[in-house]
Amino acid sequence: MIKFYGYKRCSTSKKAQKWLDQHHIAYEYQDLVEKPPKQEDLLKWLNKFQDRSLRYFFNTSGQVYRQMHLKDQINSMSIEEAATLLSQNGKLIKRPLITDGDKLTCGFKENIYEKVWL
């Protein structure tokens, strides 16, 4: 089962949900602001998908990211530090984050969803 970590007020999350619904792809929804992914899950994903930068997982255009000046810190951040930050504040996570355990995407780009989720 696909786990969909989104935010109900996020237009990108809504677009991604609409795309999944249109393609009849079942998923379990979790609001990542109310209940962010667990630190151990984030550690697992950050380690498994090391071919993507840590920046891939962060909502780099978000207010919290800018307020915390993470742009200056992210290049020297460890995977453990990133997992801790992301698990403590779901608004730092690029949304939606979707995973089935083997695959994972952050954000919504239709061409990537077609390759990964169809």
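This is a predicted model: local features need pLDDT of at least 70, side-chain atom pairs count only at pLDDT 80 or more; totals for chains, interfaces and linings use all residues.
Helix α4 spans residues 79-88, and its buried residues are I79, A82, A83, L85, L86 and S87. The cover over these buried residues includes helix α2 (39-48). S87, which lies in α4, has a relative accessibility of 18% and therefore counts as buried, the limit being under 20%. Its side chain reaches the backbone oxygen of T84 at 2.9 Å. When neighbours within four places in sequence are left aside, the contacts of S87 are P36, P37, K38, Q39 and L42.

A search of the whole structure gave 6 salt bridges. In one of them, the side chains of E28 and K3 meet with an N to O distance of 3.0 Å. This pair links distant parts of the chain, with E28 in strand β2 (residues 27-31) and K3 in strand β1 (residues 2-6), 25 residues apart. E28 is partly exposed at 40% relative accessibility, whereas K3 is buried, with a relative accessible area of 19%.

A salt bridge is also formed by K44 and D41, whose closest N and O atoms are 3.8 Å apart. Both residues belong to helix α2 and are separated by 3 residues, about one turn of the helix. In an α-helix there are 3.6 residues a turn, so residues three or four places apart point the same way. D41 is partly exposed, at 21% relative accessible area.

The side chains of K103 and D100 form a further salt bridge at 3.4 Å, N to O. K103 is partly exposed, with a relative accessible area of 34%, and D100 is likewise partly exposed, at 29%.

Terms used. Residues are numbered from 1 along each chain as its sequence is written. Side-chain values use heavy atoms; hydrogens and water are left out. Buried means under 20% relative accessible area, exposed over 50%, partly exposed in between (1.4 Å probe, protein chains only). Helices (H or I, at least four residues) and strands (E, at least two) are DSSP runs, numbered from the N terminus. Contact means heavy atoms within 4.5 Å. A polar contact is a pair of N or O atoms within 3.5 Å; within protein, one must be able to donate a hydrogen and the other to accept it, and residues adjacent in sequence count only if both atoms are side-chain atoms. A salt bridge is a side-chain nitrogen of Lys or Arg within 4 Å of a carboxyl oxygen of Asp or Glu.
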